[in-house]
Amino acid sequence: MKRIGIMGGTFNPIHNAHLTMASSAYKQAGLDQIWFMPSKNPPHKCSSEIVSEDHRSNMIKQAIRNVPFFRFSDFELCHEGITYTAETLQRLQKTYPEYQFYFLMGGDSLFELETWYQPEKIMQMVTILAFARNGETFGQMRARAGYLTKQYHADIHILSMPPMPVSSSMIRKKLRTGQSVHDLLPENVEKYIFEQHLYL
C-alpha cells in the first residue's frame, strides 16, 4: 500500500518552508510521495487576497518540478464550492482506497484542529504529521498530540524540520513594499511572480 502525504493549503504563494516540511515528512515518515493539493475556497481565508487557481497551480508546479517524489494534485480544485479538509479526505479515501494517507500540518494548525470542520473525522481517517513552525516547543507539540490522541483516538507524529520563519503573508507583504524575497521561495517561483505581476 502506497503511503501518500497530503500537503494542503492555499499556497499563496508556495515557499521554501512548504518544500522543507514536505521533504522532512517524506524522509522521516517513510512516505512514497507527497501530493501538493491547493485549496479552492478555503473557508477561513479572505478570497480577495488569493490569486487565481491557475497562478497558484503554476507556482506549485514550478516549485516541485525537479523533485521526483513530489506531485501536484488538483483534487480539491476540481470540487465546486467551499472545500473542507474532512470532506476532501473522505473523497480521497473513496477515490484511492489502495493508498494510505498522511496529512501534514504546522504546529499552529495542530493547536487549531479542534476548530476545523468535523475534526474528529479528520483524525479518524488519516495519520497526522505535525511540525513546530511558529515558535511551538517540542514539549508543547507532544502535549497537544497526547491530548488529541486521548480525546479522538488520533494517530499523530511530531516531526522535525529546520526553523524557517517564513509565511506566504510575509512574502506578499515584502513584495508589496519592494523588499527582496529571494531567499524565501524557489527562484523559478520568484521569476513567475514578477513575470505575472503578482502581489505587487
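Student: In which strand is the place of T127?

Tutor: T127 sits in β5, residues 127–131. Helices here are DSSP runs of H or I with at least four residues, strands are runs of E with at least two, and both are numbered from the N terminus. This is a predicted model, in which local features need pLDDT of at least 70, side-chain atom pairs count only at pLDDT 80 or more, and totals for chains, interfaces and linings use all residues.

Student: Why is T127 called buried?

Tutor: Buried means under 20% relative accessible area, exposed over 50%, and partly exposed in between, with a 1.4 Å probe and protein chains only. T127 has 8%, so it counts as buried.

Student: Which residues is T127 in contact with, beyond its neighbours within four places in sequence?

Tutor: They are Q100, F101, Y102, F103, D155 and H157. Contact means heavy atoms within 4.5 Å.

Student: What makes β5 and β6 a pair?

Tutor: Two strands pair if DSSP finds at least two bridges between them. β5 and β6 have 4 bridges, in the parallel sense, so they meet that definition. One detail to look for is L129, whose bridge partner in β6 is H157.

Student: And where does α1 pack?

Tutor: α1 packs on the sheet and touches β1, β2, β3, β4, β5 and β6, with its direction at about 145 degrees to that of β2. Such angles run from 0 to 180 degrees between N-to-C directions, and the axes are lines fitted to C-alpha atoms, for helices over the stretch in contact. α2 also packs on the sheet, touching β2 and β3, and makes about 160 degrees with β3.

Student: In what order do the strands of the open sheet come?

Tutor: The 6 strands run β3-β2-β1-β4-β5-β6, with parallel pairing. β3 (70–72) and β6 (156–159) are the edge strands, as each pairs on one side only. From one strand to the next, the twist averages 30 degrees.

Student: How do you know that the buried residues of α3 line one face?

Tutor: In α3 (residues 85–95), the buried residues are A86, T88, L89 and L92. Down the helix axis they fall within an arc of 160 degrees, so they line one face. That arc is taken from the directions from the helix axis to the C-beta atoms. These buried residues pack against β1, β2, β4 and α5 (119–125).

Student: What makes a set of residues a nonpolar core?

Tutor: The members are buried Ala, Val, Leu, Ile, Met, Phe, Trp, Tyr and Cys residues, joined through side-chain atoms within 4.5 Å. The largest such core has 36 residues, of which I14, I34, F36 and M59 touch the most other members. α1 gives the most to this core, with 5 residues. Another core, of 26 residues, lies apart from it and includes I4, A86, M141 and I158.

Student: Why is the pair of W35 and Y99 called edge-to-face?

Tutor: Let's begin with the whole set: a search of the structure finds 12 aromatic pairs. Rings of Phe, Tyr and Trp (its six-membered ring) pair if their centres lie within 6.5 Å; planes under 30 degrees apart count as stacked, over 60 as edge-to-face and the rest as tilted. Y26 and F69 are stacked, at 3.6 Å centre to centre and 5 degrees between the planes. Y26 lies in helix α1 and F69 in the loop between α2 and β3, so their pair ties together parts 43 residues apart in sequence. For W35 and Y99 the centres are 5.8 Å apart and the planes are at 75 degrees, so that pair is edge-to-face. W35 in strand β2 and Y99 in strand β4 are 64 residues apart.

Student: Is W35 buried or exposed?

Tutor: W35 is buried, at 9%, whereas Y99 is partly exposed, at 21%.

Student: What makes the phi of H197 worth a look?

Tutor: Most residues other than glycine have a negative phi, and most peptide bonds are trans. H197 has a positive phi, near 55 degrees, and Y199 has one of about 65 degrees. H197 is exposed at 60%, whereas Y199 is buried at 11%. As for peptide bonds, a cis one joins N12 and P13, with omega about 5 degrees.

Key: Residues are numbered from 1 along each chain as its sequence is written. Side-chain values use heavy atoms; hydrogens and water are left out.
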